[in-house]
Amino acid sequence: ELALYRLRDSKTFESELVSLRQKTSQDLSNKTFAELLKIKSTRRAMIIMCTQFVFFQMSGFNAIKFYAQTIFMEAGMSDLHPGIASIIYASVLILSACLAAIIGNKFNRRTMLCLFNFFCACSLILIGGYFQLQKNNFNLNGFKWIPLLAVCIYSIAFSLGTASVTWSLLGELFTLEAKKAIAPIAQVINHGLTFIIVLTFTSLVDCIGIENIFYVFGLATFADTIFAYFFIPETRGKSVDEIQNQLGR
């Protein structure tokens with residue numbers, strides 16, 4: 001009740017609280033998985049979340065997080081030791097998580113996702129461009145700091161956009177009866193892709209080059225921006241019934 005009171009204004013708090021109590025008092029186990037999928041709003045929510053988690057992983061966040069020091073070593077950082085750069089990056093991750101917790105509910109979900117995805121895509125393409133120039137033997141001796149700066153900007157934007165919004169949507173797009181049956185599928189896709197991307201990252205670096213990997217991450221993030229703008233409904237400040245009606249149109 002306290003969380004609902006903080007998220008809703010006084011006009012809608014009481015009516016939504018009564019509605020939620022009525023829903024939770026019902027038997028939520030009376031529909032099978034197949035029956036839930038026949039509901040248009042539930043089916044659409046499942047497709048949205050599964051697609052969003054694919055973009056979540058294809059943006060490369062976990063690959064960068066697990067191989068940050070390797071990336072900085074590949075960048076040939078001479079003024080700053082790759083280990084120190086990794087510590088700076090980890091500190092930025094903590095800061096960005098704190099910022100996401102503070103401002104996560106102050107702006108529209110779709111606006112945050114589209115805006116911060118733009119910064120993510122620019123940062124990833126910038127890193128890819130840096131490695132492309134390095135591969136072509138350009139003199140980058142005054143610009144070794146670019147990968148670290150770009151990775152930090154990317155991490156902050158990712159935490160404020162894709163990370164915070166995606167997990168918020170997972171809790172907001174589904175009804176109570178659908179959430180326990182269908183939401184785990186999106187999480188299985190998320191964790192499965194995490195395993196695949198992290199496992200194959202170094203092999204892909206050897207196969208297609210690290211610059212092309214960052215280009216792919218950047219294009220996937222840009223594609224997520226388009227997907228969010230056209231297909232993800234705005235959920236901030238809306239009740240479960242309002243969201244379901246919007247999904248069912």
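In the largest nonpolar core, which has 65 residues, L173, F174 and F214 are the ones that touch the most other members. Helix α9 (residues 146-172) gives the most to this core, with 13 residues. A nonpolar core here is a set of buried Ala, Val, Leu, Ile, Met, Phe, Trp, Tyr and Cys residues joined through side-chain atoms within 4.5 Å. Buried means under 20% relative accessible area, exposed means over 50%, and partly exposed is in between, with a 1.4 Å probe and protein chains only. Look around F174 and you'll find T42, A45, M46, M49, K179, I182, A183 and Q244 in contact with it, leaving aside residues up to four places away in sequence; contact means heavy atoms within 4.5 Å.

A word on what you're looking at: this is a predicted model, so local features need pLDDT of at least 70 and side-chain atom pairs count only at pLDDT 80 or more, while totals for chains, interfaces and linings use all residues. Residues are numbered from 1 along each chain as its sequence is written, and side-chain values use heavy atoms, with hydrogens and water left out.

Now zoom out. The chain has 12 helices and zero strands, taking helices as DSSP runs (H or I, at least four residues) and strands likewise (E, at least two), numbered from the N terminus. Of the 249 residues in the chain, 45% are buried. Take the contacts between residues at least 6 apart in sequence: 81% of them join residues at least 24 apart.

Next, find helix α4 (residues 40-58). Its 19 residues should span 27 Å at 1.5 Å a residue, and the end C-alpha atoms are 27 Å apart, so the two agree; the expected span is 1.5 Å times one less than the number of residues. After α4 comes G60, with a positive phi near 90 degrees.

How do α4 and helix α11 (residues 210-231) cross? Their axes come within 8 Å, at roughly 155 degrees. Axes are lines fitted to C-alpha atoms, for helices over the stretch in contact, and angles run from 0 to 180 degrees between N-to-C directions. The pair is therefore roughly antiparallel, a label for angles over 145 degrees. On the α4 side the contact is made by R44, I48, T51, Q52, F55 and M58, and on the α11 side by V216, F217, A220, A223, D224, F227 and F231.

V54 also sits in α4, and at 33% relative accessibility V54 counts as partly exposed. V54 touches I189 and L193, not counting residues up to four places away in sequence.

Finally, go to helix α8 (residues 109-135), where 27 residues reach 39 Å from first C-alpha to last, close to the 39 Å expected. The axes of α8 and α9 come within 8 Å and cross at roughly 150 degrees, so these two are roughly antiparallel as well. Between them, in the loop, is N137. Most residues other than glycine have a negative phi. N137 has a positive one, near 65 degrees, and at 71% relative accessibility N137 counts as exposed.

Methods: Angles under 35 degrees count as roughly parallel, over 145 as roughly antiparallel, 65 to 115 as roughly perpendicular and the rest as oblique.
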